[in-house]
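Let's take a walk through this model, with the sequence and the fold side by side. Keep the viewer open and follow along.

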Amino acid sequence: MSDSGSDEDITAEDGGSTESVRKGCDALVSTQRSKLQQRRAKLNQQINRELRLRSGAENLYRASSNPKVKETVALELSFVNSNLQLLKEELEELNSSMNVYQTESETVSVPMIPLGLKETKEIDMSVPLQDFISEHYSEDASLYLNEIRDFMELRQAMRTPSRNEAGQELLMDYYNQLYFLDQRFFSPHRSLGVHFHWYDSLTGVPSVQRALAFEKGSVLFNIGALYTQIGARQDRSTLTGIQNAIDAFQRAAGAFLYLQENFSHAPSLDMSSPALSMLVRLMVAQVQECVCEKVILDMQDNNLNVLLQAAQEAARVSDVYSLVLQAMSVPLLKDYVPFSWISMVQVKTHHFRALAHYYTAVALCDCPGELLNISVSLIQVHTRRPEKLNLHDPEDKRRLGKAHLRKAIIRHEEALRLHSVCKMLRKMDILQEVLSHAHACSLEKYSEIDQEDDFCEVAEAPEIQSHTQQKPDIKTPDFSGVRVTDIFQRLGPLSVFAARNRWVRRHACLVRGEAGLGLTLRGDSPVLVAGVLPGGCAEAGLREGDYIVAVNGADCRWAEHAEVVHALKSCTERGLELDVITLQSHEVQSCSNVVPTGSHLYFTALLERFFSLRKFVMYCT
């Protein structure tokens, strides 16, 4: 399996023509992951078609009074429901196919649970955007065809992001552009008439809404899902790979948590609050698993403290996966989450609990001469004191180690049993190898310390107290980390030229008098007429509160204060021709933090304030 999403632009030849592929998009790269996404998209379309057929058949069944028609429709409904169930099962198998997202390294490690991306239909927004530009901004829409094409290409590219940082930047770029699109084209007074189609990431059930918040939420979900894939593909046999996996899963948890806290009334189940809460817990558990792997990787032979630390870390992983299992078992999700996910979480719960007992046993049996240290350390490691055992006695220490190994073997066998009953997990050879190897190590250690003439009473091993040296740090998405240019910035500064504002455009001719033009200006981008002197030249054509957008035909919507003043002072005897606008709405938002630099509009401060204060509420329209 390869994932060759390039960090550079790709040029593909198709019938003699060349087309530039946006950085971070691997739509033209035939990888196993992209093939999986194509199969998923095709299944989503088939499911959507079957749902429409079922809806039509149900309507006909309710409307008809003819018994024969009802019988025929009922038979058709049974076929449609059967096909729909088969398609959903096939899609579930695809979505729970974790092998395609795992690391390509030959080292053996426990597979992680990644998420597939939400699929979306290609939509053509060119006509609605052109209509809005013509009607609202009173501009020639044909002059903005390049901007419309750039936005459509960006949306098309973000449908298939590459599985690396470039793909993340592509998704974040589009997400940030949606802020500008919302301000420019989504007016509270009219609907743009664009429908956003997205499919549930696990079931493939389609959802359609006109609310731009649905588009934003779906893209944010994919940002989190892509981080899960990046984390799953890391080579966790090295400290660098483990740290990269930890960072990716923490960022995924942050994306899902931000989505849960800032979006509500989601139309698809994968974006519902219980599902997002479960995903956050799952990501945190996978972070904890990576932390445990880092401790084990650094482990030195027969080091008491490191062995007991590994035992507590493994117990911590088992505990957090138990919480994930509880989150998956809530009524809304128990029939929604793939069975392979539930089985994997159950397997890991038992596997890491077994490791906790195994490392405790190794510390008891393989650390000679440290009886006092072991006695002190086990007080913190065990949830209770071992009964009827004196840990200063080597024989009692061996008996306690044997009891821990017995518990470890029982847990290992349960993990293997759960693995064997899940069809998807049985296909994962690496998981089978990891579980079998761990089981064999516990059996081997048990055989080493078992004595044929051991007739002593069987000891009862306490449970291991979970503890971690590195708690997960959920990282909220850094929206300001990806600087973007407002694609439609030629329409003018957002403080005035936004969808929420209405204005009247006028043309005024001014002739300089002896006392000047008789007006005062304030601000820039665009410059505001702060005052008009009574009896002055400007009184006939201008009024206080007007914005100057053109001087003698030269556009000055983005002009600074000094530039406009210079243009006004350079008027000839024939006078000046000004284009001004008067706002009809006072709902003008200050954009003082939006600073044009060259050809780019950097909006870091404004965007941070926007995302921290505003909560998007998705509702069916």
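The largest cavity has a volume of about 40 Å³. Keep in mind as you look at it that this is a predicted model. With a cut-off of 30 Å³ or more, the count of cavities comes to 1.

What lines this cavity? Click through Leu115, Ser201, Leu202, Phe221, Asp270, Ala275, Met278, Leu279, Tyr336 and Trp341, and you have the lining. Sorted by class, that makes 8 nonpolar residues, 1 polar and 1 charged. Helix H8, which runs over residues 273-297, gives the largest share of the lining, with 3 residues.

Strand E3 covers residues 196-199 and strand E4 covers residues 206-209, and the two pair in the antiparallel sense over 4 bridges.

Last stop, the cysteines. A disulfide is a covalent bond between the sulfur atoms of two cysteines. How many disulfides does the structure hold? The number is 0. Two cysteines are worth a look in the viewer anyway. Cys422 has a relative accessible area of 2%, so it counts as buried, being under 20%. Cys537 has a relative accessible area of 27%, so this one is partly exposed.

Technical notes: Residues are numbered from 1 along each chain as its sequence is written. This is a predicted model: local features need pLDDT of at least 70, side-chain atom pairs count only at pLDDT 80 or more; totals for chains, interfaces and linings use all residues. Side-chain values use heavy atoms; hydrogens and water are left out. Two strands pair if DSSP finds at least two bridges between them. A disulfide is a pair of cysteine sulfur atoms within 2.5 Å. Buried means under 20% relative accessible area, exposed over 50%, partly exposed in between (1.4 Å probe, protein chains only). On a 1 Å grid over the protein atoms alone, a cavity is a set of points where a 1.4 Å probe fits but cannot get out, and a pocket is an open set with protein on both sides within 12 Å along at least five of seven lines; lining residues have an atom within 4 Å of a point. Grid points are joined across faces, edges and corners, and a volume is the space filled by probe spheres set on the points. Ala, Val, Leu, Ile, Met, Phe, Trp, Tyr, Cys and Pro count as nonpolar, Asp, Glu, Lys and Arg as charged, and the others, Gly among them, as polar.
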